[in-house]
Amino acid sequence: MSQTSSSNGDALVRVENLTKHFSVRIGAYGETKATVHALDEVSFDVKRGETLGLVGESGCGKSTAGLTLLQLHRPTSGKVFFDDSEVTGLSDKDLRPLRRRMQIIFQDPYSTLSPRMTVGNAIGEPLWLHELASGQEAQERIAKLLDDVGLNPAFAFRYPHEFSGGQRQRVCIARALACEPEFIVCDEPISALDVSIQAQIINLLQDLQEEYHLTYLFIAHDLAVVRHISDRVAVMYLGRVVEMAPKEKLFDNPLHPYTNALLLSVPVPNPRQERQREHTVIQGNVPSAISPPSGCRFHPRCPLAFEPCDHEVPEWREVESGHWVACHAV
């Protein structure tokens with residue numbers, strides 16, 4: 001059964017039944033063809049000016065959702081709308097003007113910058129490709145972008161190897177801002193950074209969101225960070241969204257057993273409380289995306305599973321205002 005998101009007139013991005021399957025070869029000699037169900041009928045919207053957090057275990061399809069939304073992966077089926085215009089099916093040429101309005105910050109700042117380009121050239125490249133500025137005007141905009149992300153404009157003449165991880169990620173953020181986008185996919189932008197640097201980058205993203213009037217899809221597995229930065233949170237499991245709600249409702253009253261188990265896995269900073277509180281361990285391993293379970297995909301590991309869970313896909317429904325869940329037990 002397809003998932004449907006609430007109709008919202010102020011949504012900048014809408015995803016409807018987005019599906020992405022990858023063909024792979026398995027076996028000792030790659031003799032068998034198989035299909036990886038990375039995304040299956042995923043639907044959500046991102047309201048203008050908000051941050052939607054997308055969380056789940058590694059391999060659940062979070063990054064694939066972000067890349068497919070931006071058409072960096074072409075979807076197998078489903079639709080993506082940006083500012084009420086459908087972008088699925090557009091040619092690369094027709095997509096190019098939209099690239100200015102939709103950008104991405106990748107997870108690893110070490111591999112996303114060319115070692116042969118100065119950071120000034122890396123930031124300026126989008127300006128030149130989209131013919132937004134050149135010459136002295138481009139240099140002034142590069143200097144301002146570096147200043148906006150907390151770096152000395154004189155660093156424009158340095159190469160990536162001269163920077164720390166946190167500084168490289170600031171350069172990547174400046175590059176994403178160069179085209180003055182409206183929407184940015186933040187694909188685990190702090191997971192490769194030291195803990196001491198992570199808070200600085202999160203605060204920077206929040207400051208830039210206010211200054212540049214940005215909308216974020218923030219992909220992460222750190223629930224504490226997601227709670228801090230997000231307005232709403234969507235929870236993914238094995239290629240499907242299983243729950244979505246404003247962050248207060250989701251963290252205070254999780255309805256899906258998987259969401260509840262994720263929240264109980266977050267450590268409490270007080271050692272005494274941590275020893276005394278309930279700990280729930282999800283039994284079993286995540287099933288293979290090549291052969292996902294029928295019915296509810298969480299049912300082999302769910303403590304609340306009962307008769308319909310193993311063969312009937314749960315309905316995606318709104319149980320209270322803004323709180324959506326797909327679970328037979330709710």
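Student: Which residue stands opposite Trp-316 in E12?
Tutor: Opposite Trp-316 stands Ala-326 in E12. This is a predicted model in which local features need pLDDT of at least 70 and side-chain atom pairs count only at pLDDT 80 or more, while totals for chains, interfaces and linings use all residues. Residues are numbered from 1 along each chain as its sequence is written, and side-chain values use heavy atoms, with hydrogens and water left out.

Student: In which sense do E11 and E12 pair?
Tutor: E11 and strand E12, residues 323-326, pair in the antiparallel sense over 4 bridges. Two strands pair if DSSP finds at least two bridges between them, and the strands (E, at least two residues) and helices (H or I, at least four) are DSSP runs numbered from the N terminus.

Student: OK, and what order do the strands take in the open sheet?
Tutor: The open sheet has 8 strands with mixed pairing, and the order is E6-E7-E8-E3-E9-E10-E12-E11. At its edges are strand E6 (102-105) and strand E11 (316-320), each of which pairs on one side only. On average, and with direction ignored, neighbouring strands of this sheet are turned by 20 degrees against each other.

Student: Which strands does H1 touch when it packs on the sheet?
Tutor: H1 touches E3, E6, strand E7 (183-187), strand E8 (215-219) and E9, and the direction of H1 makes about 150 degrees with that of E8. Here contact means heavy atoms within 4.5 Å, and axes are lines fitted to C-alpha atoms, for helices over the stretch in contact, with angles running from 0 to 180 degrees between N-to-C directions.

Student: How many residues of H1 are buried?
Tutor: Helix H1, residues 62-69, is mostly covered, with 7 of its 8 residues buried. Buried means under 20% relative accessible area, exposed means over 50%, and partly exposed is in between, using a 1.4 Å probe and protein chains only. The buried residues of H1 are Lys-62, Thr-64, Ala-65, Gly-66, Leu-67, Thr-68 and Leu-69. Just after H1 comes Gln-71, which takes a positive phi of about 65 degrees.

Student: Back to the sheet: why is E9 largely enclosed?
Tutor: Strand E9, residues 232-237, has 6 of its 6 residues buried, so the rest of the structure largely encloses E9. Arg-232, Ala-234 and Met-236 point one way, Val-233, Val-235 and Tyr-237 point the other way, and all are buried. In a regular strand the side chains alternate between the two faces of the sheet.

Student: What does E9 pair with, then?
Tutor: With strand E3 (residues 51-55), E9 pairs in the parallel sense over 4 bridges, and in E9 the bridge partner of Leu-54 is Ala-234. With strand E10 (residues 240-246), E9 pairs in the antiparallel sense over 6 bridges, and in E10 the bridge partner of Met-236 is Val-241. The hairpin of E9 and E10 has 2 residues between the strands, and in this hairpin Leu-238 takes a positive phi near 50 degrees.

Student: New topic: at what angle do H3 and H4 pack?
Tutor: Helix H3 (residues 119-129) and helix H4 (residues 135-148) pack at about 125 degrees, and their axes are 10 Å apart. H3 and H4 are therefore oblique to each other; angles under 35 degrees count as roughly parallel, over 145 as roughly antiparallel, 65 to 115 as roughly perpendicular and the rest as oblique. Among the residues in the contact are Gly-120, Ile-123 and Trp-128 of H3 and Arg-141 and Leu-145 of H4. By class, this contact of H3 with H4 has 7 nonpolar, 3 polar and 1 charged residues, where Ala, Val, Leu, Ile, Met, Phe, Trp, Tyr, Cys and Pro count as nonpolar, Asp, Glu, Lys and Arg as charged, and the others, Gly among them, as polar.

Student: And how far apart are the axes of H3 and H5?
Tutor: The axes of H3 and helix H5 (residues 165-177) are 7 Å apart, and the two helices pack at an angle of about 25 degrees. That makes H3 roughly parallel to H5. The contact is made by Val-119, Ala-122, Ile-123 and Pro-126 of H3 and Val-171, Ala-174 and Arg-175 of H5.

Student: Last one: is His-256 buried or exposed?
Tutor: His-256 is buried, with a relative accessible area of 1%, and lies in the loop between helix H8 (247-252) and helix H9 (257-264). Not counting residues up to four places away in sequence, His-256 touches Val-242, Glu-243, Phe-298, Val-325, Ala-326 and Cys-327.
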